[in-house]
2 protein chains.
Amino acid sequence: MPTFEFILGGVTAAPGFKAAGIHCGIRRNKEKKDLALIVADQECAAAAVYTTNTVKAAPLYLTMENLKNGRARAILANSGNANACAPGGREAARECVAATAAALGLSPTDIIVNSTGVIGQPLPTKTIVSAIPELVAALSLDTQDVAEAIMTTDTFSKTAAVRFTIGGVPITIGGIAKGSGMIHPNMATMLAFLTTDCAISPALLQEALRDSANRTYNRISVDGDTSTNDMTAILASGTAGNPEITKKGADYDIFLAALNALNLHLAKKIAQDGEGATKLITCTVKGTTCEETAATIAKSVISSSLVKSAMFGTDANWGRVLCAMGYSGASFDATKVDVAFSSNEGRVQVCKESIGLDFNEEKAKAVLGPGEVTIEIDLSDGTASAEAYGCDLTYDYVKINGDYRT
Amino acid sequence: MPTFEFILGGVTAAPGFKAAGIHCGIRRNKEKKDLALIVADQECAAAAVYTTNTVKAAPLYLTMENLKNGRARAILANSGNANACAPGGREAARECVAATAAALGLSPTDIIVNSTGVIGQPLPTKTIVSAIPELVAALSLDTQDVAEAIMTTDTFSKTAAVRFTIGGVPITIGGIAKGSGMIHPNMATMLAFLTTDCAISPALLQEALRDSANRTYNRISVDGDTSTNDMTAILASGTAGNPEITKKGADYDIFLAALNALNLHLAKKIAQDGEGATKLITCTVKGTTCEETAATIAKSVISSSLVKSAMFGTDANWGRVLCAMGYSGASFDATKVDVAFSSNEGRVQVCKESIGLDFNEEKAKAVLGPGEVTIEIDLSDGTASAEAYGCDLTYDYVKINGDYRT
C-alpha cells in the first residue's frame with residue numbers, strides 16, 4: 001500500500017495556493033460568508049467532474065467550456081444562490097468570471113466557477129462583481145474562510161489535506177467540501193475543491209479524479225436527491241518537482257491512493273453532516289463477485305428512508321436492510337445474506353443466511369447509539385467488497401427542508 | 001369512454017363473495033384485527049402481480065405456486081408479521097393455507113396467501129391456525145373488518161367498488177388495499193385484493209391486472225422503499241353472466257377501464273394515507289412524446305425527499321421539482337419546462353421554460369395548504385401524459401419509523 005499522512009490544512013495546504021472567503025451580500029445574514037476564491041500562483045493542470053442531473057446549473061456549463069484545454073488557475077464559488085434555472089444565468093456566471101479574471105490579471109478561461117444555494121432566483125451579479133476586489137484582497141494561506149463561504153446548511157466546515165512522496169519528492173493534496181442536503185452524488189458531488197502541487201498531465205488528472213469520485217463522493221447519500229450543481233474540481237500546479245505523471249504506473253497509483261483517501265475523508269464528513277443527521281452510517285458489503293454489485297447494494301441500504309429512520313430510532317430493524325438490498329437492482333443470492341450492526345459499543349449479528357437471529361435488543365440499541373454506526377453485510381459469494389456512507393433521517397431533516405427558502 | 005360508477009362496498013360488492021377480519025393474537029393490541037379472509041362461492045379465474053424485490057416474502061412464493069393454473073377461490077392474509085426472512089417461513093405459510101383449505105373444504109392450491117408487518121420474526125403459525133375456525137365463522141357480506149385486518153400503520157381502511165355493464169350485463173369489481181410505509185411499488189403494490197363477478201379468462205385477467213397495476217399502484221410512492229411483500233390479487237367468479245372475455249376488444253377495454261378506475265382510487269388512498277402524511281401530492285406531467293417518459297418524471301418528483309419536505313412546509317420550492325426531474329433518468333429538453341402548483345385554493349405558475357417566474361408567495365402558500373396539491377409539469381414536446389401520486393414528508397414519518405417494531 002502506498003503511504004500518505006493526513007496533515008492540517010485544506011486548499012492552501014499545497015504550496016502555491018491562496019484562498020479567500022468573505023460575506024458579499026448574497027445572504028442576508030452578515031455573519032455568513034457567501035463568496036469564495038481559490039487561486040494558484042501559476043497555471044495548473046485542471047480537471048472536474050459534474051452532476052449527471054439533466055438540469056444543470058449555468059456555471060457548470062461555463063466551467064466545462066473553460067476546462068476544455070485542461071488548464072485553469074482559479075476557482076470562484078458562491079453560496080446562497082445556485083444560479084440554476086434562473087433568468088440570465090449563463091451571462092451572470094460569465095460576468096462574475098470576467099470580473100474575477102480582470103482583478104487577478106488572468107484570462108476568463110482560467111477560471112472554474114460554481115454556485116450553491118436556492119434554485120431559480122436570479123444571481124445578484126452586481127453584488128458579487130462589486131465585491132471581487134475585496135475578495136481578491138482577502139487572499140491568504142488561511143483555509144477556514146473559504147471553506148465557510150461555500151457552506152449552505154452545513155453545520156461545520158470540511159477541510160482536509162494529505163501528504164505523500166513520489167520518488168522522494170514530498171507532494172500535498174488539500175481540499176474543501178460542502179454538503180449537506182440534495183446529496184446523492186452521481187459521478188460528482190456537491191462542491192469539493194482540491195489543490196495539489198503534484199505534476200500530472202490534465203488527462204491523467206481527469207481520470208484520477210473521476211475514478212476517485214466514483215469511489216468516494218458517489219458512495220454517499222443524504223436524501224437521494226442528486227443536485228443540479230454537483231461539482232468536484234482539482235488544480236494541480238506541478239511545483240512539487242516530481243517528474244510529471246503522464247501515464248499509469250507506480251507514481252499514478254500513489255497519487256490516486258492519496259487522492260482517494262482525501263476524497264473519502266471529505267465525503268464521510270459530508271455524510272456525517274447530512275441535514276439533520278445525528279450519526280454517520282457506513283454500510284460495508286463483502287463477499288460479492290464484483291465491486292459494483294457491492295457498491296450498488298451498500299448505496300441502496302444507506303439511501304433507504306426506512307433504514308435511515310430506524311437508525312435514528314436506534315432500532316435494529318434489519319428487515320429493512322434486506323428489503324433495501326432486494327430492490328437495489330443488484331443480483332445476489334437472497335438466501336445467503338448475513339447482517340450485523342457494529343460501532344464503538346460492540347457488534348451484534350442479527351441475521352444469518354437471510355434468517356433472523358435471536359439477539360440481545362438492549363445490546364443492539366447500545367450499538368446503534370450516537371456517533372458512527374456500521375451495517376455489515378456478507379454475501380459469502382466472492383471476494384469483492386465496497387462501502388457506502390449516509391446518515392440517519394431525523395425530525396430536523398424535515399424541519400430544515402420544510403421551509404428552506406425563508 | 002366506457003362508463004362506470006363508483007358504488008359503496010369493497011371485496012364483497014360483487015355478488016358471490018364473503019369476507020371476514022378478526023383479531024387472532026399476532027398483534028398484542030386486541031383492538032387491532034390481524035387476520036383476513038376473502039372467499040368466493042365458486043372457483044374463480046385468478047391473477048396476481050408481485051413485488052420485484054429480490055428478497056420476497058415466503059407467502060408470495062406459495063401464491064405463485066398456487067396460481068399456476070390461473071384459478072383460486074380464497075385469499076388469506078395477516079397483518080403484524082410479514083413472514084419475510086423468518087425461519088420456517090414457507091412451511092408456516094403452507095400450514096396456514098392448509099388449515100384454511102380444510103376449514104373451507106377447498107384444495108390448498110385454491111388459496112392465495114400473503115402477510116404484512118415486521119420482517120424477520122417467525123410467523124406465529126399456531127396462533128393463526130387455531131383462529132381459522134373463528135375466521136371462517138365470521139365470513140359475511142361486511143367489507144369493513146377485512147379491510148381493517150390488513151392494515152399496519154394505515155390510519156384509515158381503504159375499500160372501493162365500481163359497477164359497469166358489458167353488453168347490458170351489470171358487472172361489479174370491488175377491492176380493499178393497505179399502505180402505508182415501505183411503499184414504492186414496482187410491478188405490484190402493498191396489498192390490494194380485488195373481486196369481481198366478471199367472466200374473464202385467467203390469461204386476460206392477468207394481463208389486465210398487470211397493465212392496471214403499472215398505471216395505478218406502480219405510480220405511487222410514500223418513501224421510495226419497495227416492499228418484500230407487495231401483492232395485488234384479483235378473483236373473477238364469472239357469475240355476472242357476460243360472455244367470458246377471452247380476447248382483447250371492446251369488452252376487455254370496458255373491464256380494464258373500470259379496473260383502472262378502481263385501482264387508481266385505491267392507490268390514491270394509499271398515497272394519501274402514507275406514513276405521517278398530511279396531504280396527497282399529485283404530479284401531472286404532460287407534453288411528452290411517450291407516456292413512459294411522463295410517468296418516470298412524475299414518479300421521480302413525488303418520490304423526492306426534498307420536494308416532499310417542501311410540500312409539508314407549504315414552500316413553493318419548484319427548483320427541487322426541476323432537480324428531481326433532472327435525475328429521473330428520463331430524457332427531456334431541460335430548457336422547456338413549465339411548472340405550476342394547483343389545488344382547491346387556486347393555481348400559481350412558478351416556472352416557464354425552466355426559468356423562475358415572479359409569483360405571489362402568499363398565494364402559493366395558500367395553494368399548497370392541507371388536503372390535495374397538484375404539481376403540474378408541461379414539457380411542450382408531445383401529446384403524452386402521466387400522473388403519479390405521493391405524499392408529504394413529515395415529522396410523523398420519522399417518528400413512526402424511528403421505532404416501528406416496539
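Me: Before we start, what are the ground rules on numbering and confidence?
Reply: Residues count from 1 along each chain as its sequence is written, with chains lettered from A and ligands numbered from 1 in the order in which they are written. Since this is a predicted model, local features need pLDDT of at least 70 and side-chain atom pairs count only at pLDDT 80 or more, while totals for chains, interfaces and linings use all residues; side-chain values use heavy atoms, with hydrogens and water left out.

Me: OK, the interface. How much area is buried between chain A and chain B?
Reply: The size of an interface is often given as the accessible area lost when the parts come together. Here that is the area (1.4 Å probe) that the two parts lose on being put together, summed over both. Carbon and sulfur atoms give 59% of it, and the total is about 4200 Å².

Me: Which element supplies the largest share of the side of chain A that touches chain B?
Reply: Contact here means heavy atoms within 4.5 Å, and it takes 54 residues from chain A and 53 residues from chain B. Helices and strands are DSSP runs numbered from the N terminus (helices H or I, at least four residues; strands E, at least two). The largest share, six residues, comes from α11(A).

Me: How many residue pairs are in polar contact across the interface of chain A and chain B?
Reply: A polar contact is a pair of N or O atoms within 3.5 Å; within protein, one must be able to donate a hydrogen and the other to accept it, and residues adjacent in sequence count only if both atoms are side-chain atoms. With both residues at pLDDT 80 or more, the count across the interface is nine.

Me: Now B:Ser304: buried or exposed?
Reply: B:Ser304 sits in the loop between α7 (291-303) and α8 (305-312) of chain B. Leaving out residues up to four places away in sequence, B:Ser304 touches A:Asp225, B:Ala324 and B:Tyr327. The scale is buried under 20% relative accessible area, exposed over 50%, partly exposed in between (1.4 Å probe, protein chains only). B:Ser304 has 1% relative accessibility, so the label is buried.

Me: And which backbone nitrogen does the side chain of B:Ser304 reach?
Reply: The distance is 3.0 Å.

Me: What span does α7(B) reach from its first C-alpha to its last?
Reply: α7(B) has 13 residues, and the expected span is 1.5 Å times one less than the number of residues. Buried residues in α7(B) include B:Ile297 and B:Val301, and the buried set packs against β10 (279-288), α8, α9 (319-326), β14 (371-378) and β15 (384-391) of chain B. The helix comes close to the expected 18 Å, reaching 18 Å.

Me: What is the phi of A:Thr314?
Reply: A:Thr314 lies in the loop between α8 and α9 of chain A. A:Thr314 is buried, with a relative accessible area of 19%. Although A:Thr314 is not a glycine, its phi is positive, at about 45°.

Me: Last one: how far apart in space are A:Cys198 and A:Gly402?
Reply: A:Cys198 is in the loop between β8 (192-196) and α5 (202-215) of chain A, and counts as buried at 0% relative accessibility. A:Cys198 and A:Gly402 are 204 residues apart in sequence. C-alpha to C-alpha, they are 44 Å apart.
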